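Here is a structure to look over, with some questions about the words used for it. Each answer sets a value against its cut-off.

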Amino acid sequence: MLVFIVAGMGGYSYYRATHFNENVRINGVVVGGLNARATLTKLKAKKVDNNVYVAGKVFLKGKETSSGFTQKDLKNIQSLMKKQWTFFPKKKIYTYQITPSKVSDYREKVIEPKLKRMLEVKNVSLVPAVDTHAVLKYGEISYTAPQKGKQYNISKMISQYLKQKNKSETRIKRVIVKPLTSLSSTVQKQRAKLEELSKRIVVYKVQQTDYRLTGTQVISQATYLNGNYQIAQAGILSVVNAINSKQATLQKGITFKTHAGNTVSVPGGTYGWALKGSDSYETISSAFIEGKKEINAASDIYGVGYLTYGTGYNDIANDGIGTTYAEVSIEDQRAWFYIDGKEVYTTNIVTGKHSTNEDTPKGVWYVMYKQSPATLQGSEVGNANYSVKVNYWAQFTSSGCGFHDASWRTDWSSTAYLTNGSGGCANTPSQNMKSVYDSLSQKEAVVVY
């Protein structure tokens, strides 16, 4: 009796050692109860359909390939059998992966890249998650609210796929991209960068005045995304507008002291400069981003008329027109010319005809350009299209008014302008015009009152 028991126990032990437990799967194939050779036979016979399932539904259909198992894989199967062995049968599910000795590269070269492309294409039509990001506003940092999306987390889903590369079919879970929160290292880095930005100080030099700009003062809003600062324009433009109101001369009227010592108010014209908001914004914001300590506004100015880069920026004296300028009195019908504060020439002139409202416009203008000789073309009351040649020409308004000789004029009286004036120019006696021309320089102010 004992012999039978021992023999029975031996047979049972041998069977347990040479057969898999009931719920063993290799590469997704159930091999429970089979010995190593039968398992290899079953694995060799199993075709790989290469389908990919996402959330239980077929997402990508592949073509069948052979399992790739050969006789060389028997040792690996036997090793797994030892690994899962238990003396008493177990219903526990054991899942193993074996890379076949002759596995096809179909999955690697075809299915994997195709799966990635399909996920990318699918994501185009799905709502993306919106990450939290840090925002700087006048020295205070806050966070935007994250928003959930529906796009696939492709890297994690591909990772799932690769872990099942030896299974006949692959089942992966749908993983959605989660938005970053304020606790993430990425967002905390943004915060640190913005805090650094807000502490920076830039000195903006406008003519002789230094403006000390701090991040908390001028940065109305800023972010740090993908390694780049983005600074809003509003705060910087507000400062630039304030500087323009205080210092800019473009098209602003002036209080002018005449040759006779009288003080008159002259309206603004084309003369002057102002800071161009877009240029100043670029200069100032770049300085904050790059950590510059001091910058100059000279490259940020603009003007109107012929010279769009502005005039008189370097002239501080005399209400911004400097000490080299031309003075034109319509009442006196005379012009005076100054260089470095000294009168160098004066002449009688005839300005625009008052009776036809062709008066030479009052204002602060500038010499746009000089030309000798020149051909003047235009129109005036009673002469729709004229073309005359002059020896010297110096234009000072955008409408075409300027100094020029007028050899055709016979009436040079101080009242000629009332009914027999020019079409708007300052007619100058021919014998005087060369001196006028030589005393003028491009960009200098021409004050007409």
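Q: Which residues is Arg-25 in contact with, leaving aside its neighbours within four places in sequence?
A: This is a predicted model. In it, Arg-25 touches Val-30, Ile-93, Tyr-94, Thr-95 and Tyr-96, with neighbours within four places in sequence left aside. Arg-25 itself sits in strand 1, residues 24-26.

Q: Why does Arg-25 count as partly exposed?
A: Its relative accessibility is 28%. Buried means under 20% and exposed means over 50%. The value for Arg-25 falls in between, so Arg-25 counts as partly exposed.

Q: What makes Ser-439 count as buried or exposed?
A: Ser-439 has 8% relative accessibility. The cut-off for buried is under 20%. Ser-439 therefore counts as buried. Its place is in helix 11, residues 430-439. Leaving aside neighbours within four places in sequence, Ser-439 is in contact with Phe-337, Ile-339, Val-344 and Glu-444.

Q: How do you know that the buried residues of helix 5 line one face?
A: Helix 5 covers residues 154-163, and its buried residues are Ile-154, Met-157, Ile-158, Gln-160 and Tyr-161. Seen down the helix axis, they fall within an arc of 150°, so they line one face. On the other side of helix 5, Ser-155 and Lys-163 are exposed.

Q: What do the buried residues of helix 5 pack against?
A: They pack against strand 3 (52-54), helix 4 (106-124) and strand 8 (170-172).

Q: Which residues meet where helix 2 and helix 3 come together?
A: From helix 2 come Ala-36, Arg-37, Thr-39, Leu-40 and Leu-43. From helix 3 come Leu-74, Ile-77, Gln-78 and Met-81.

Q: Which residues have the most contacts inside the largest nonpolar core?
A: They are Tyr-204, Val-206, Leu-275 and Phe-288, in a core of 33 residues. A second, separate core has 23 residues, including Val-328, Ala-335, Ala-426 and Val-446.

Key. Residues numbered from 1 in each chain as written. Predicted model: local features only at pLDDT ≥ 70, side-chain atom pairs only at ≥ 80, totals over all residues. Heavy atoms only, no water. Core = buried A, V, L, I, M, F, W, Y, C linked by side-chain atoms within 4.5 Å. Buried < 20%, exposed > 50% of the residue type's maximum accessible area, 1.4 Å probe, protein only. Helix = DSSP H or I, 4+ residues; strand = E, 2+ residues; numbered from the N terminus. Arc of directions from axis to C-beta. Contact = heavy atoms within 4.5 Å.
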